[in-house]
Amino acid sequence: MDFLEFLRSVSPVTIFYALILLILGFIITILIVIRLTTWNSVPMISRLESEKCYKDPNKNNATYPFPFMEEEGSIDLAVIVPSYNEEERLPIMMNETLEYLENEKKNKPSFTYEIIVVDDGSRDETSKVALEYVKKYGVHKIRLLTLEKNRGKGGAVRIGVLSSRGRRILMVDADGASKFSDLSRLQIALEDLNGKKGNKAVIVCGSRSHLQDEAVAERSFLRNFLMYGFHFLVWSLCVRGIKDTQCGFKLFTRPAALLTFSALHVERWAFDVELLYIAQQLKIPLVEVAINWKEIDGSKMIPFWSWLQMGKDLLLISLRYVVGAWKIEPMKLKSQ
């Protein structure tokens, strides 16, 4: 009896159940492979020696150690600026940011802040540009953290956050696409959730979702298709209730920042999604606030292959947590 004759002799019901078992076996095999090939259930953060210190250009480039994962903040606000090849756009963003922060300090002399520019292995003069601001304003207000190799935006933001001193921590993109004065909107929302002197874990996400209709009209069919597909994957696999997970303007209380970033695995485009997934698993309050946003020349649009990478990352984020390959153990990470 050949194979075709064998198939004809088998009932359709038997074939159906055999296919179901085959599919289940395939899925179980994939999950087992994911579990066995994920080496670290909690993140391991390594820093090279040069990444543990910042330079003071006003003292012959003397080096001083960054604080690392300190539970108590010593200043009011830390601003983390991940930067990759941003020598041209960084000054625009820094000037707007410093104007706002200096006005805040003028109105309230007790207000303290720091800006940490994280140069994510740039190939241009990003670090040189940032050091000019350090020289002008001093290391008590601006510090440069230069990574020796590119880690990705998530990796850059995480090291910046863990090296900061703020009781509140703001992550903001270096391109200046978001209006920095909208920080006041995020701060109001944070105080509504946390109280003016509260120290609970709270995250406020800037959101561009109110601008989506106009943006959709200007984008190509392919970009809109990829965007909607990404949003569907985010909603179905990881995070619900947040319309714009990818906006680079987010405000954290220090407890929220340490809890989430210390448990973060993903270092590239999809890191925001895992960060918010962790926050929801830890029951950290999340709220979205509409902000002003504009397209900036030279903005790093997500390329087609990166959309595919993000889709893969979203699927793996979900599966790794489901099978226990990744665990959320904030503040228990191993570091070097």
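## E114 and its surroundings

Leaving aside neighbours within four places in sequence, E114 is in contact (heavy atoms within 4.5 Å) with I75, L77, A78, V79, H140, K141, R143, S164, R165 and G166. This is a predicted model, in which local features need pLDDT of at least 70 and side-chain atom pairs count only at pLDDT 80 or more, while totals for chains, interfaces and linings use all residues. Residues are numbered from 1 along each chain as its sequence is written, and side-chain values use heavy atoms, with hydrogens and water left out.

E114 is found in strand 5; helices (H or I, at least four residues) and strands (E, at least two) are DSSP runs, numbered from the N terminus. Is E114 buried or exposed? E114 is buried, because its relative accessible area is 0%; buried means under 20% relative accessible area, exposed over 50%, and partly exposed in between, with a 1.4 Å probe and protein chains only. Between the C-alpha atoms of E114 and I80 there are 8.6 Å in space, although the two residues are 34 apart in sequence.

## Salt bridges

Side chains of opposite charge can pair when their charged atoms come close. The structure holds 11 salt bridges, each being a side-chain nitrogen of Lys or Arg within 4 Å of a carboxyl oxygen of Asp or Glu. One of them joins E114 and R165, with the closest N and O atoms 2.8 Å apart. E114 sits in strand 5 and R165 in the loop between helix 5 and strand 7, so this pair ties together parts that are 51 residues apart in sequence. Both partners, E114 and R165, are buried.

K153 forms a salt bridge with D173, with 2.7 Å between the closest N and O atoms. This pair links distant parts of the chain: K153 is in helix 5 and D173 is in the loop between strand 7 and helix 6 (183–194), 20 residues apart. K153 counts as partly exposed because its relative accessibility is 26%, and D173 is partly exposed too, at 22%. The side chains of R158 and E267 also meet in a salt bridge, at 2.6 Å from N to O. Here R158 in helix 5 is linked to E267 in the loop between helix 9 (254–261) and helix 10, 109 residues apart. R158 is buried, with a relative accessible area of 3%, whereas E267 is partly exposed at 24%.

What is the order of the seven strands in the open sheet? They run 6-5-4-7-9-8-10, with mixed pairing; two strands pair if DSSP finds at least two bridges between them. Strand 6 (142–147) and strand 10 (286–290) are the edge strands, each pairing on one side only. From one strand to the next, the twist averages 20°.

Strand 7 (residues 166–171) and strand 9 (residues 250–253) pair in the antiparallel sense over four bridges. M171 has K250, in strand 9, as its bridge partner. Helix 5 (residues 153–162) lies across strand 4 (75–83), strand 5 (113–120), strand 6 and strand 7, and runs at about 155° to strand 4. For such angles, axes are lines fitted to C-alpha atoms, for helices over the stretch in contact, and angles run from 0 to 180 degrees between N-to-C directions.

## D272 in helix 10

D272 lies in helix 10 (residues 271–281). D272 is buried, with a relative accessible area of 2%. Not counting residues up to four places away in sequence, D272 touches M171, T245, Q246, C247 and K250.

## Surface and whole chain

F16, I20, L21 and L24 form a nonpolar surface patch, with about 390 Å² of accessible area together. Patches are made of residues with over 30% relative accessible area and no salt bridge: like charges are joined within 9 Å, nonpolar side chains (Val, Leu, Ile, Met, Phe, Trp, Tyr) within 5 Å. Accessible areas come from the Shrake-Rupley method with a 1.4 Å probe, and for residues only the protein chains shown count as cover. I20 belongs to helix 2 (residues 12–36) and is partly exposed, with a relative accessible area of 36%.

The chain has 11 helices and 11 strands. Of its 336 residues, 47% count as buried. The chain exposes about 17700 Å², and carbon and sulfur atoms supply 57% of this area.
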